[in-house]
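Please look through the sequence and the fold shown here before reading on, and keep the numbering at hand. The paragraphs below are meant to be read alongside the structure.

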Amino acid sequence: MGHKVVVFDISVVRALWETRVKKHKAWQKKEAERLEKSALEKIKEEWNFVAECRRKGIPQAEYCKNGFVDTSVRLLERIERRSLAAQSALSKERDKRSSEFVFELSGDHWKEFPDSLKEQTHLKEWHISNTLIQIIPKYIELFQAMRILDLPKNQISRLPAEIGCLKNLKELNVSFNHLKSIPPELGDCENLEKLDCSGNLELTELPFELSNLKQVSFVDISANKFASVPICVLRMSNLKWLDISNNNLSDLPQDIDRLEGLQTFLLYKNKLTYLPYALLNLKKLTLLVVSGDHLVELPTALCDSSTPLKFVSLKDNPLENTQCQDGDEMMESERDRQHFDKEFMKAYIEDLKERGLIILLNILSSTDIKQTEQSKAT
């Protein structure tokens with residue numbers, strides 16, 4: 001019995017392989033298109049997600065990890081829940097302010113306090129702003145439950161001595177008024193924690209009696225005419241925040257290190273030419289803001305990366321008042337400018353804190369650099 005020989009038509013085999021090759025190439029093309037389309041969809045999804053985050057004010061650090069957009073943790077839902085919680089807290093705060101213990105007054109149609117106020121001695125908070133009120137009544141001494149006296153942007157020209165009777169007062173804000181002095185009796189408010197006298201433009205000193213305020217942790221006397229750091233401030237042992245920017249300081253006291261707990265020190269827009277080495281003894285100081293316009297030297301140890309200090313030196317560009325303005329218009333313009341500067345710096349500092357960076361910026365004008373070189377040469 002002989003062997004059977006199977007004979008194949010080569011054209012059939014070739015046609016079969018060509019068909020398979022075509023199918024494989026078609027599959028490869030289709031797969032490539034699918035992957036490309038999938039990548040585009042992913043990129044589009046991430047882009048829309050980032051745009052939504054930016055629209056809602058979500059910091060990039062919260063939706064990026066190692067340079068990649070992370071959309072797997074339901075970030076938007078978490079942020080929205082946080083936003084709702086914040087809105088709820090704000091609503092509660094509004095409800096609190098509308099409570100029977102809080103008095104609010106605003107608007108330039110108010111030139112004096114309503115007569116009915118003297119009968120509401122149970123009040124714990126006054127929030128009065130943007131009025132034409134000039135005098136705080138003496139009957140304020142009757143408000144023994146007072147905790148917060150918030151009186152910004154009015155026309156107040158003096159504070160009554162009776163304010164010293166408010167033994168439970170914790171916060172006093174008389175910023176952007178027309179005060180030229182602070183009554184020494186304020187030193188009797190032994191529980192005071194926050195004092196804001198900024199933007200009055202004419203304050204030159206604080207009474208020594210304020211040395212008794214041992215609970216004060218926040219003092220803002222910016223935008224006035226202080227030629228030196230008040231002695232009473234140096235004796236506020238619990239002080240953590242001191243803003244004395246926009247004044248006439250030419251130097252700092254050598255015993256500035258008495259403020260051992262100081263964490264934030266704002267000095268911008270003064271006339272400082274140097275910083276004392278005593279600043280190095282402030283071990284808790286994390287934020288120092290100094291106007292660089294007049295600085296010609298500073299302790300080099302301030303730049304040591306091992307210190308907790310965030311040192312910011314800003315070049316000052318003050319606005320000039322035109323000579324054609326009369327006195328009142330010039331004063332109001334200056335007050336508005338100081339208020340704008342203050343709000344801008346607050347936003348700047350908050351941005352620094354939010355980013356959590358250690359920043360060292362020493363921006364000096366060319367004149368300052370020349371002066372520095374000359375001082376080194378001599």
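What follows goes from the chain as a whole to its core, its aromatic rings and its charged side chains.

The model is a predicted one, and its protein chain holds six helices and 13 strands. Of the 378 residues of the protein chain, 38% count as buried, while the accessible surface comes to about 22800 Å², with 53% of that area belonging to carbon and sulfur atoms. Among the contacts in the protein chain with a separation of 6 or more, 34% are made by residues 24 or more positions apart.

In soluble globular proteins, nonpolar side chains tend to be buried together. Here the largest nonpolar core has 63 residues, and those with the most contacts inside it are Phe113, Trp126, Leu149, Leu172 and Phe265. The elements that give two or more residues to this core are the strands β3 (102-106), β4 (125-129), β10 (264-267) and β11 (287-291), together with the helix α4 (231-234); the largest share, three residues, comes from α4. Apart from this core lies another, of six residues, including Phe218, Trp241, Tyr268 and Val289.

The whole structure has five aromatic pairs, one of which joins Phe103 and Trp126 edge-to-face, at 6.4 Å centre to centre and with 65° between the planes. This pair links distant parts of the chain, with Phe103 in strand β3 and Trp126 in strand β4, 23 residues apart. Both partners count as buried, Phe103 at 11% relative accessibility and Trp126 at 0%. The rings of Tyr139 and Phe143 have their centres 6.4 Å apart, but their planes meet at 35°, so this pair is classed as tilted; Tyr139 is buried at 18% relative accessibility, and Phe143 is buried at 0%.

Strand β4 is also the place of Ser129. The C-alpha atoms of Ser129 and Leu151 are 5.6 Å apart in space, although the two residues are 22 apart in sequence. Not counting residues up to four places away in sequence, Ser129 touches Leu105, Ser106, Gly107, Pro152, Lys153 and Asn154.

Side chains of opposite charge can pair when their charged atoms come close. The whole structure has two salt bridges. In one of them Lys170 pairs with Glu193, the closest N and O atoms being 3.4 Å apart; because Lys170 lies in the loop between β5 (148-150) and β6 (171-173) and Glu193 in the loop between β6 and β7 (194-196), the pair ties together parts that are 23 residues apart in sequence. Lys170 is partly exposed at 33% relative accessibility, and Glu193 is partly exposed, also at 33%. Glu202 forms a salt bridge with Lys225, with 3.6 Å between the closest N and O atoms. Glu202 lies in the loop between β7 and β8 (218-220) and Lys225 in the loop between β8 and α4, so this pair too ties together parts 23 residues apart in sequence. Glu202 is partly exposed at 26%, and Lys225 is partly exposed at 39%.

Charged lysine ends also meet aromatic rings: Lys124 lies over the face of Phe101, at 4.9 Å from the ring centre, and the charged end of Lys194 sits over the ring of Phe218, 4.9 Å from its centre.

Definitions and conventions: Residues are numbered from 1 along each chain as its sequence is written. This is a predicted model: local features need pLDDT of at least 70, side-chain atom pairs count only at pLDDT 80 or more; totals for chains, interfaces and linings use all residues. Side-chain values use heavy atoms; hydrogens and water are left out. A nonpolar core is a set of buried Ala, Val, Leu, Ile, Met, Phe, Trp, Tyr and Cys residues joined through side-chain atoms within 4.5 Å. Buried means under 20% relative accessible area, exposed over 50%, partly exposed in between (1.4 Å probe, protein chains only). Helices (H or I, at least four residues) and strands (E, at least two) are DSSP runs, numbered from the N terminus. Contact means heavy atoms within 4.5 Å. Accessible areas come from the Shrake-Rupley method with a 1.4 Å probe; for residues, only the protein chains shown count as cover. A salt bridge is a side-chain nitrogen of Lys or Arg within 4 Å of a carboxyl oxygen of Asp or Glu. Rings of Phe, Tyr and Trp (its six-membered ring) pair if their centres lie within 6.5 Å; planes under 30 degrees apart count as stacked, over 60 as edge-to-face and the rest as tilted. A charge sits over a ring if NZ of Lys or CZ of Arg is within 6 Å of the ring centre and within 35 degrees of the ring normal.
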